[in-house]
Amino acid sequence: MSAALVKVAIVGHTNTGKTSLLRTLTHDRQFGEVADAAGTTRHVEAALCWLDGEQVLAWYDTPGLEDSMALRDWLESLPTTGQRLDGADRIEQFLRDPRAGQRFEQESRVLQQITQSDAVLYVIDVREPVLPKYRDELYLLNLCARPVLPVLNFIASSGADPQPWIQALARLGLHIHLRFDTVSPPIDGEALVFRTLGQLLSSQAVLLESLAQSALQARQQRRVDGLMLIAGLLVDAAALQDYSDPDATVLAQAVHQQQQCVRMAEQRCVDALLLLFQFGRDDYLSAGLPWSAGRWHVDLFSSQALRDVGVHLGKGAAAGALAGAAVDVMSAGLTLGTGTLIGAAAGTAWQGLGRWGTDLVARIKGQRSIRVSDEVLVVLALRQLQLLEALEHRGHAAQGPLQLEPSATKTTFSQTALIKCLAAARQHEQWSSIKSDYDDSQARQRVVLGVAEWLSDAMQHKTT
Amino acid sequence: MPAGAAFDCKVLILRCQKPIGVKPLFKHWCYQFIALKELRSGLFHDAALNRVVAQHHSEPHAQLLERARALTAQQNADSQFTEVRRMLQSTVGVLWAITGLLGLSVGLAALGSPSQPVNVIWSLLGLLLVPTVTLVFWLLSLALPTSGLPWFGKLLQSVMTKWLGKTRLVDAWHAWIELARQVRALPLWLALVSHVIWCGLLLGSLLAMAAAFSLRHYTFVWETTWLPVDVFVQMASGIGSLSAWLGLPMPIASDIAASGNQALDDPQVRMRWANWLIGSILMIGLVPRLVAILVCAGLLGRRYRAYRIPTETSYASAVLAQIRHDCPVDLHDGAPGAQDQWIDLQPATGSTWHDQPFVVVGLDLTALPEWAQTLPGPGVVDDRHSRHEVLQQLNAMPPQRLLVIVDAGQTPDRGTLSVARELSAKAVQARLYLQPRVTGPDRSEQWRLKLNEVQLKPPFSAHAQALQWLHEGAV
């Protein structure tokens, strides 16, 4: 590791969420070990922060402090041997004493790490009352003479009462603190941590500001990528077109097959979103909402799904097996086909061989075209947006179920506007990547970008 | 000359399709190929590979490329890169040949039947209007990035997509396209292919014309209904001056004037007109396209050489995070020490506490619970001072029974447990009670485990039980 590495120790009483904090800050679900028990972390573990390919900051996760009262007793009972010992000297003496090291093994590691670090993050569980043993911990930190940033953890949990803590910290001269929750961290939590640390460690303010910027950019990039994934899914679903003979059983089978393809495409989008945020399918369990083990429970094509997102089936829509598939009747001559042919010819110079070929063949054979209906597109969009939002707010330390808000988006989500955005996709069946021979053209990219921008606006109007 | 020129063009074309050395391009292609697969079905995780990659390369983009290359080799997909490239080259070659043949017939058609004189202006327009207009559009589109993509290029892309879409090379093909898109080279590739194919067309017409002029007898004329002669003289001389660079004799002003609306049979004049036609097609049609090919190839080479993988995309960040996770961080911290050894407690030989047989003490509480506030006891032990005090008092007057009340929501830490043990040693019998919290976590299970570890009796879970024990002694 380079000499210029900024070292920050994360300390606190046992079981206050230090390892969870690091998991959330580093987006690493597998960092260290987390359990609701004392002494889970038993040695110091480091996690690195990178900027422009270089290691610039190291977080040190430490074992919890468990017996600060006794340690303080020990320090205060040190024989002075005729000289005045200040705080730092006492700590030094403690660290040199092997017997003390054995008795206070965990505390010794923590203090050793603190003396080698540039700053300290002191993690507090604000669900706990302010007890004297915590004051003793702060006393010990004070002795080490390092800038301390208290982190008020579990701020979003029931039973959290930060006020007594803020007062206690203020009495000790610690007026800058950070409010955090490792289960549902603030959306720009990383940037917040870096910036607040920069206020404390002014010598590294520039570096910490760069880290904050980098974290913000990464978060924005994740959102953009997520929206592009969802937009891609919507374009694929909108463009998808299958043909079938008009016979009822054959038609039903073709519809069923198309529905399967769309379900799988949705699942691929979900997996890609999880990858984007570095979560895994096995991280989540259902909580009464239609989501479990990385899959949606409620079938995309069921009327339940439509109801869940507040979409109402139009008049005359088919029920049962045909729900969610819009069936066109195509006959030779003046139909939707011809209309779009003319429009297409006027609009674009070259449609692609596929559309002309299969369209023509299907029309000659008197087949019906099957497409995904507008309602299902809306359901797709809303479900994925919900998931994206939940993932953005989800901390990597969370071990409980993922709660998806039953769409607060439906009221502000203009369904007709979305369908209009996807209108271009409806006309280009070769854009659907659900079929492997899809045409990944510039025009498709532009439409995907347009849909992604629209989704972004929809998300922001909801959140502001 | 034409045959030699055709051969040179083909070699040039093949060379242009490999603008830089294969290896860097191959690695970038591997990255896109693996990215496609991973974005579809999750990251591959090969911890040993990640460690090797991190050891040998320190820069993020180099790590990403090496990992992708190694994963491609693991999946035996290396050959797909060259397969797709060869298919591309052969498709372009076939298209080139087809348009060459087409050009032959176009060239002959432009000349028409030898019994009729060739209308030079009309033929030239027919041959060169479309190629020149599309070339101008392409030049404009370089300046303004619009949607006007070269037709032949798009044709090729859709043909290849259709052809490869259903084969196992579909991912390899999409990786090529995606790489071209990332390097912002896709329009240039499509333009290059377009130019090559137009070259084929023009070359074909040139060859046809050359053959026709060699083996058939043509006369040349220009026709007009209402334009003056001077216009044609100016136009033809102007166009001829371009071709004059080739060193071929061009029709002079008198030849041009004399050819109006009637064909001259003079062999010199006919040869000059033939040179004029061939020269114009060469200089206005073929040469600009060749220059465009060189320009495209040059730009492509530059773009590919200058390209670096963006490491801030979410996919790249996820891969880098995986690599870094697998690399051990150099940290000197010893193994955790042995767990604490708790020595056996010797209970006190009791008497009474201020004439009371039992005592209640709160440990690490903010206040005693209501039901315990009227019971005898020194109150709450929370800081060092109160601990010292209470232990001294209990030392002096050890009670028969001591109940220690702790917060069931707190994590039982070593410090609290050691104080609990110390307190327990000051009474004949000692038990703990876990006071539940109104809201917040409940850690009773942890308490039970820890108390068992430190050899204290299991705690009471209901305060009624605790009270009964205090008053009556046995439970």
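This is a predicted model: local features need pLDDT of at least 70, side-chain atom pairs count only at pLDDT 80 or more; totals for chains, interfaces and linings use all residues.
Residues are numbered from 1 along each chain as its sequence is written, and side-chain values use heavy atoms, with hydrogens and water left out.

**Exercise 1.** Identify the buried residues of helix H3 of chain B, and state which helices cover them.

Solution. Taking buried as under 20% relative accessible area and exposed as over 50% (1.4 Å probe, protein chains only), and helices as DSSP runs of H or I with at least four residues, numbered from the N terminus, the buried residues of H3(B), residues 47–56, are B:Leu49, B:Asn50, B:Val53 and B:Ala54. They lie on the same side of H3(B), because they cover an arc of only 130° around the axis, as judged from the directions from the helix axis to the C-beta atoms. The face turned away from this buried side carries the exposed B:Gln55 and B:His56. Finally, the cover over the buried residues includes helix H4 (60–74) and helix H13 (314–326) of chain B.

**Exercise 2.** Describe the contact between chain A and chain B.

Solution. With contact meaning heavy atoms within 4.5 Å, 62 residues of chain A touch 65 residues of chain B. Eight salt bridges are counted between the two chains, each a side-chain nitrogen of Lys or Arg within 4 Å of a carboxyl oxygen of Asp or Glu. One of these joins B:Arg384 to A:Asp73, whose closest N and O atoms are 3.0 Å apart. On the side of chain A that touches chain B, H2(A) gives the largest share, five residues.

Methods:
Chains are lettered from A and ligands numbered from 1 in the order in which they are written. Helices (H or I, at least four residues) and strands (E, at least two) are DSSP runs, numbered from the N terminus.
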